[in-house]
Amino acid sequence: MSGWRFVKRHLLGVVAVLALLYMLLPIAVVVLFSFNNPAGRFNYVWQSFTLDNWLNWNAAPGIQNALETSLLLAVLSSLAATALGTLIALALVRYDFRARGFLNFLIFLPMSAPEIVLGASLLTLFLNQSVFQLGFWTIFIAHVMFNISFVVVTVRARLVDFDRHLEEAAADLGANELVTFRKVTLPLLAPAILAGAMLAFAISVDDFVITYFNSGSTITFPVYVWGQAARGVPPQVNVIGSAIFFVAVGIMLAQAVVQTRRERRPA
Amino acid sequence: MGSFFHRHRGLTPWVLLLPGIAWLAVFFVVPLGYLGYQSLQSGTFPRYQFDWAFVNYTEAISDNQEQLIRSFVYAGIATAAALAISYPLAYWIAFRTGRWKNVFLVLVIAPFFVTYLIRTIAWQTILSDEGPVVDLLKTIGLVAEDGRLLATTLAVVAGITYNFLPFMVLPIYVSLEQVDRRLIEAAGDLYASPVRSFLRITLPMSLPGVFAGTLLTFIPASGDFINAELLGGPNQQMIGNVIQSKFLALVDYPAAAALSFVLMAIILVMVAAYARVVGAEKLTR
């Protein structure tokens with residue numbers, strides 16, 4: 001009886017922890033094999049511990065170039081998408097106009113279409129014109145395109161809860177619209193805009209499918225990994241994958257801990 | 001500038017919208033038009049001409065029936081499996097982790113921060129023929145001596161399930177988090193058993209999250225080609241693999257374009273049917 005009760009009581013927790021382990025297992029493998037010293041080209045079987053891959057993270061030919069391309073693309077495309085997306089979010093929340101429902105739908109579409117269709121359709125556009133050669137800037141165009149929607153959704157969520165009395169107060173104190181926007185609206189929106197920008201950055205760095213269709217001969221980090229997959233991925237790929245992971249999770253954990261502390265303190 | 005906006009107040013939203021919406025129009029809507037245009041062309045690379053070649057569509061369906069069916073079966077199974085794994089996890093995080101909630105949420109999102117391709121290659125490592133998993137399964141007799149896990153349907157479906165799990169967990173978590181705990185207490189006070197109050201209160205209130213999660217999993221899963229390519233063999237090719245190779249290797253653009261539209265049309269029909277069955281209007285209100 002008590003055994004059954006124990007199972008009943010903890011079944012949910014056990015299932016949840018197993019699910020979490022399933023989610024984290026491949027990450028553990030990625031990190032573990034970044035310290036492996038593979039015998040051949042394939043980094044599948046554990047041989048021996050080494051720090052060489054971390055010390056020589058750019059020893060695999062082309063890997064540093066691919067990473068730099070990815071980071072540059074992510075910075076530029078997330079900046080552009082954040083600017084364009086924030087303006088759209090402001091218009092959609094602050095103003096009432098007839099096309100709003102349709103525009104909300106238009107924003108939603110790129111997030112819900114399969115990536116392969118987005119990539120393929122953009123490729124047919126680029127194939128049928130002569131202004132853009134497939135390469136860095138066509139990838140940039142693609143990344144801005146699919147990131148706009150994510151920024152709009154992130155910023156809009158914050159704008160809906162925005163206390164407009166603060167802006168009215170600024171106006172009452174004699175600030176014009178531009179000053180109000182710069183001194184009141186923008187600082188209050190900053191966390192949402194930053195969150196949108198970080199999301200866009202993360203999606204851009206990770207994107208493979210749409211990039212692959214529109215990259216021509218330009219190689220981003222995911223495209224590089226894809227190219228190596230058939231031949232055996234060098235352990236340096238694990239090093240960079242692990243490094244990106246640790247930086248991102250470090251930032252998020254710090255945020256989560258700060259938030260948890262804040263919630264614990266009585267208001 | 002301030003006075004311009006004052007005189008033309010109705011214009012302000014359009015000024016804000018213009019750059020972003022123009023970008024989406026030129027690089028999202030127009031390309032879909034081009035994809036349609038390309039899908040009705042005939043000829044051979046590099047000279048295709050537009051001649052309303054609707055035959056591309058019938059051929060796209062008849063030539064790739066097997067991959068089309070397989071894609072939606074795989075996506076369906078993966079979505080169901082992801083739901084079965086995600087619901088208990090989301091429920092546990094929402095109701096049982098107290099103030100550590102945010103930390104567990106970070107763990108759920110963590111896989112996102114290892115590039116999609118790298119996590120899939122990690123599954124290659126885990127399931128590889130020389131790996132410990134295959135060894136163990138051989139020892140206990142679940143896998144034949146010459147058997148393998150890679151290049152099987154199981155590996156591909158498990159890979160798809162894995163890769164889209166956070167998309168399922170997060171929306172379910174958000175909807176569970178919004179359930180008013182007082183309703184559950186009230187049900188308890190009125191002598192409803194925990195099972196009954198779950199079925200009558202918590203489950204119905206979490207359905208919007210389930211709806212969003214299943215769509216966020218099913219749609220990308222049905223167009224995926226990475227899992228089939230890295231974890232599957234020739235018998236696990238999905239429609240994404242066909243589109244990808246027709247576009248980038250065989251340069252058969254019209255067939256690839258037609259196939260992309262077929263994929264999108266089937267997804268739209270299935271999503272619409274699903275929304276009707278579960279009553280999405282009630283859910284999203």
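The dialogue below takes up the chains, their domains, their contact and some local features.

Tutor: Two conventions come first. This is a predicted model, in which local features need pLDDT of at least 70, side-chain atom pairs count only at pLDDT 80 or more, and totals for chains, interfaces and linings use all residues. Residues are numbered from 1 along each chain as its sequence is written, while chains are lettered from A and ligands numbered from 1 in the order in which they are written.

Student: How many helices and strands are there in chain A?

Tutor: Helices (H or I, at least four residues) and strands (E, at least two) are DSSP runs, numbered from the N terminus. Chain A has eleven helices and zero strands, and its pattern along the sequence is α-α-α-α-α-α-α-α-α-α-α. The radius of gyration of chain A is 23 Å, well over the 18 Å that the globule rule gives for 267 residues, so chain A is more spread out than a compact globule. That radius is taken over C-alpha atoms, and the rule is 2.2 Å times the number of residues to the power 0.38. Along the principal axes, the C-alpha trace of chain A spans about 70 × 70 × 35 Å.

Student: What percentage of the residues in chain B is buried?

Tutor: A residue is buried if 20 or more other C-beta atoms lie within 10 Å of its own, exposed if 12 or fewer, and partly exposed in between, with C-beta atoms placed from the backbone. By that count 43% of the 285 residues in chain B are buried; for chain A the figure is 39% of 267 residues. Among contacts with a separation of 6 or more, residues 24 or more positions apart account for 76% in chain A and for 69% in chain B.

Student: Which domains does the assignment give for chain A?

Tutor: Domain bounds come from an automatic or database domain assignment. For chain A they are domain 1 (1–59 + 238–267) and domain 2 (61–233). Taken over C-alpha atoms, the centres of these two domains of chain A are 28 Å apart. Their contact takes six residues from domain 1 and eight residues from domain 2. In chain B, the assignment gives domain 1 (1–29) and domain 2 (65–284), with 38 Å between their centres.

Student: Which helix of chain B gives the most to the side that touches chain A?

Tutor: The contact between the chains takes 67 residues from chain A and 68 residues from chain B. H2(B) gives the most to the chain B side, with 17 residues. That side divides into 50 nonpolar, 14 polar and four charged residues. In this scheme Ala, Val, Leu, Ile, Met, Phe, Trp, Tyr, Cys and Pro count as nonpolar, Asp, Glu, Lys and Arg as charged, and the others, Gly among them, as polar.

Student: Which residues touch the most other members of the largest nonpolar core?

Tutor: A nonpolar core is a set of buried Ala, Val, Leu, Ile, Met, Phe, Trp, Tyr and Cys residues joined through C-beta atoms within 7 Å. The largest has 143 residues, and A:Ile88, A:Ala120, B:Ala90 and B:Leu259 touch the most other members. Leaving aside neighbours within four places in sequence, the contacts of A:Ile88 include A:Ile107 and A:Val152, as well as B:Leu16 and B:Ile21.

Student: Where do the strands of chain B pair?

Tutor: Two strands pair if DSSP finds at least two bridges between them. Strand E1 (residues 41–44) and strand E2 (residues 47–50) of chain B run antiparallel and are joined by four bridges. They form a hairpin with two residues between them, and B:Gln41 stands opposite B:Phe50.

Student: Why does helix H7 of chain B lie largely in the open?

Tutor: The number buried among the eight residues of H7(B) (residues 132–139) is zero, so the helix lies largely in the open. B:Val133 has its place in this helix and is partly exposed, with 13 other C-beta atoms within 10 Å. Not counting residues up to four places away in sequence, B:Val133 touches B:Ile126, B:Leu127 and B:Leu149. After H7(B) comes B:Gly141, whose phi is positive, near 85 degrees.

Key:
Two residues are in contact if their C-beta atoms, placed from the backbone, lie within 7 Å.
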